[in-house]
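This report goes through a single protein chain, from its overall build down to two individual residues.

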Amino acid sequence: MTDPVDVLITRLDPELPLPGYAHPGDAGADLVTTSDVSIAPGERAMVGTGIAIALPAGYAAFVHPRSGLAHRLGVSIVNTPGTVDAGYRGEIKVLLVNHDLREPAVFARGDRIAQLVVQRVERARFHEVERLPGSARGDGGYGSTGTASQAGGNAGVR
Ligand SMILES: O=c1ccn([C@H]2C[C@H](O)[C@@H](COP(=O)(O)OP(=O)(O)OP(=O)(O)O)O2)c(=O)[nH]1
Ligand SMILES: [Mg+2]
């Protein structure tokens, strides 16, 4: 594994833990909610995490849902993955959504509700041209290759 990148962090809510990786090698460090929250079916709620960070230039952090909450409760994040810019110094917030049709999703202050993935990111220099170079895919998208059964394994792969 590569060396971890150093990220400065402040606790806006010192009683709550810093983001933590559950296992060595995990990509996401768990984030907790600073408030008790009950999200009705189909509704959303913005919760604080009690932390603010300063990422080095060339990095971003992405707020991802936790699969266990998705599986158990139907809870995800509206804007998944949320993008935390390197220059952002405010509290990291999470826009939870309850996709369950019947049950409210209930969280207590300190519950782990999301995970933060820190990544290197490229910035692009955009060069406007009249025509783009050709490619095998061309402008086909949004299901242009059909379903898995129709595609017949590697059919069409050159
Ligand atoms: O899940 C998220 C997503 C974003 N942010 C913060 C950090 C990010 O740097 C800032 C702006 O996010 P984004 O660029 O996605 O939102 P926007 O709607 O474009 O707002 P802005 O005009 O402030 O860029 O909000 C969070 O705390 N949590
Ligand atoms: Mg923005």
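The text below covers the fold, the overall dimensions, an annotated region and two positions in the chain.

**Fold and overall dimensions**

The model is predicted. Two helices and 11 strands make up the secondary structure of the protein chain. Read from the N terminus, the order of elements is β-β-β-β-β-β-α-β-β-β-β-β-α. The protein chain is more spread out than a compact globule, because its radius of gyration of 20 Å is well over the 15 Å that the globule rule gives for 158 residues. The C-alpha trace spans about 55 × 45 × 35 Å along its principal axes.

Contacts within the protein chain can be sorted by separation in sequence. Among those between residues at least 6 apart, 69% join residues at least 24 apart.

**Surface and charge**

Some values for the whole protein chain are collected here.

| Property of the protein chain | Value |
|---|---|
| Residues that count as buried | 28% of the 158 residues |
| Accessible surface | about 11300 Å² |
| Part of the accessible surface belonging to carbon and sulfur atoms | 51% |
| Positive side chains | 15 side chains |
| Negative side chains | 17 side chains |
| Distance between the centres of the two charge sets | 5 Å |

**Annotated region**

An unreviewed UniProt entry places the feature "domain: dUTPase-like" at residues 17–146.

**Two positions**

S76 belongs to strand 7, which covers residues 75–77. Is S76 buried or exposed? The relative accessible area of S76 is 15%, and the cut-off for buried is under 20%, so S76 counts as buried. Apart from neighbours within four places in sequence, S76 is in contact with P65, L95, L96, V97 and H99.

R66 sits in a loop, with strand 6 (59–64) on one side and helix 1 (67–73) on the other. Which residues does R66 touch, not counting residues up to four places away in sequence? They are D30, R112, I113, A114 and Q115. R66 and G138 are 72 residues apart along the chain, and 35 Å separates their C-alpha atoms.

Definitions and conventions. Residues numbered from 1 in each chain as written. Chains lettered and ligands numbered in written order. Predicted model: local features only at pLDDT ≥ 70, side-chain atom pairs only at ≥ 80, totals over all residues. Heavy atoms only, no water. Helix = DSSP H or I, 4+ residues; strand = E, 2+ residues; numbered from the N terminus. Rg over C-alpha atoms; globule rule 2.2 N^0.38 Å. Buried < 20%, exposed > 50% of the residue type's maximum accessible area, 1.4 Å probe, protein only. Contact = heavy atoms within 4.5 Å. Areas by Shrake-Rupley, 256 points an atom, 1.4 Å probe, with all protein chains shown as cover. Lys, Arg positive; Asp, Glu negative; His and termini not counted. Charge placed at Lys NZ, Arg CZ, Asp CG, Glu CD. UniProt positions renumbered as here; feature names shortened; annotations may be inferred.
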